[in-house]
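Here are a few notes to read alongside the structure.

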Amino acid sequence: MQNAAAVTVLVLGDSIGTAHGVAPESGWVALLQKRLNGRSGTLTAKHTVINASVNGATTGAGLRRLPSLLERHDPDIVIVELGGNDGLNRLPTARIEANLAALVKTSHAAGVRALLVGIPLIPKHGRRYTEAHRRAFENVAQSQHAPLAALRLEDALKPGMLQSDGIHPAALAQPLLMETVWRQLKKMLPPAAQFQ
């Protein structure tokens, strides 16, 4: 961990984290880096966002990668943006919940705070499964005392928010994603690193 005013944030995500189909500089992770370094967007060595997202990643894959990422980057905060691919593959929600809990526990055991990001599944997966998937994130946030930045389904389904595949957020959605994460992340930052 760096000095008290410096923050290193590790983003462990999937194609939502890599901004698949969107210019990287327009993706929510790049926008978060700019927000973390102030309104001007001037990047400095003081605050760092490390994007360790991988297209197609699952909670299980993230759990296997997390220990080495924690050791290599020594972050202050881990943003866990995983679970969407598990849902697309209809992995049992109990397994998703267990993996998410393990990701948070692994982070906490290393002295790193964890922030969960919940991306809603689109309704075609069935209401019962979609609701169970959403509750998995809420349950872990509550049981592991981890903040949850959850994008609302009604926002995700607004015109222009999704790419033509009906899954990945479009460029228009990236600032909304960033703001959703930022509202929770800023509460986790030391006072010297907090921005409005």
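**Notes on a helix pair and an aspartate**

1. Let's begin with how two helices cross: H1 passes H7 in a right-handed crossing. Please keep in mind that this is a predicted model.

2. Now for the geometry of that pair. Helix H1 covers residues 28-36 and helix H7 covers residues 174-185; the two pack at an angle of about 50°, and their axes lie 8 Å apart. Because angles from 65 to 115 degrees count as roughly perpendicular and those under 35 as roughly parallel, H1 is oblique to H7.

3. Which residues bring H1 and H7 together? From H1 come Trp28, Leu31, Leu32, Arg35 and Leu36, and they meet Gln174, Pro175, Leu177, Met178, Glu179, Val181, Trp182 and Leu185 of H7.

4. Next, have a look at Asp155, which sits in helix H6 (residues 153-156). Is Asp155 buried or exposed? Its relative accessibility is 9%, so Asp155 counts as buried, the cut-off for buried being under 20%.

5. What does the side chain of Asp155 make polar contacts with? One partner is the side chain of Arg152, at 3.0 Å. Another is the side chain of Lys158, joined to that of Asp155 by a polar contact of 3.2 Å.

Terms used. Residues are numbered from 1 along each chain as its sequence is written. This is a predicted model: local features need pLDDT of at least 70, side-chain atom pairs count only at pLDDT 80 or more; totals for chains, interfaces and linings use all residues. Side-chain values use heavy atoms; hydrogens and water are left out. Axes are lines fitted to C-alpha atoms, for helices over the stretch in contact, and angles run from 0 to 180 degrees between N-to-C directions. Helices (H or I, at least four residues) and strands (E, at least two) are DSSP runs, numbered from the N terminus. Angles under 35 degrees count as roughly parallel, over 145 as roughly antiparallel, 65 to 115 as roughly perpendicular and the rest as oblique. A crossing is left-handed if the near helix is turned anticlockwise from the far one by less than a right angle, and right-handed if clockwise. Contact means heavy atoms within 4.5 Å. Buried means under 20% relative accessible area, exposed over 50%, partly exposed in between (1.4 Å probe, protein chains only). A polar contact is a pair of N or O atoms within 3.5 Å; within protein, one must be able to donate a hydrogen and the other to accept it, and residues adjacent in sequence count only if both atoms are side-chain atoms.
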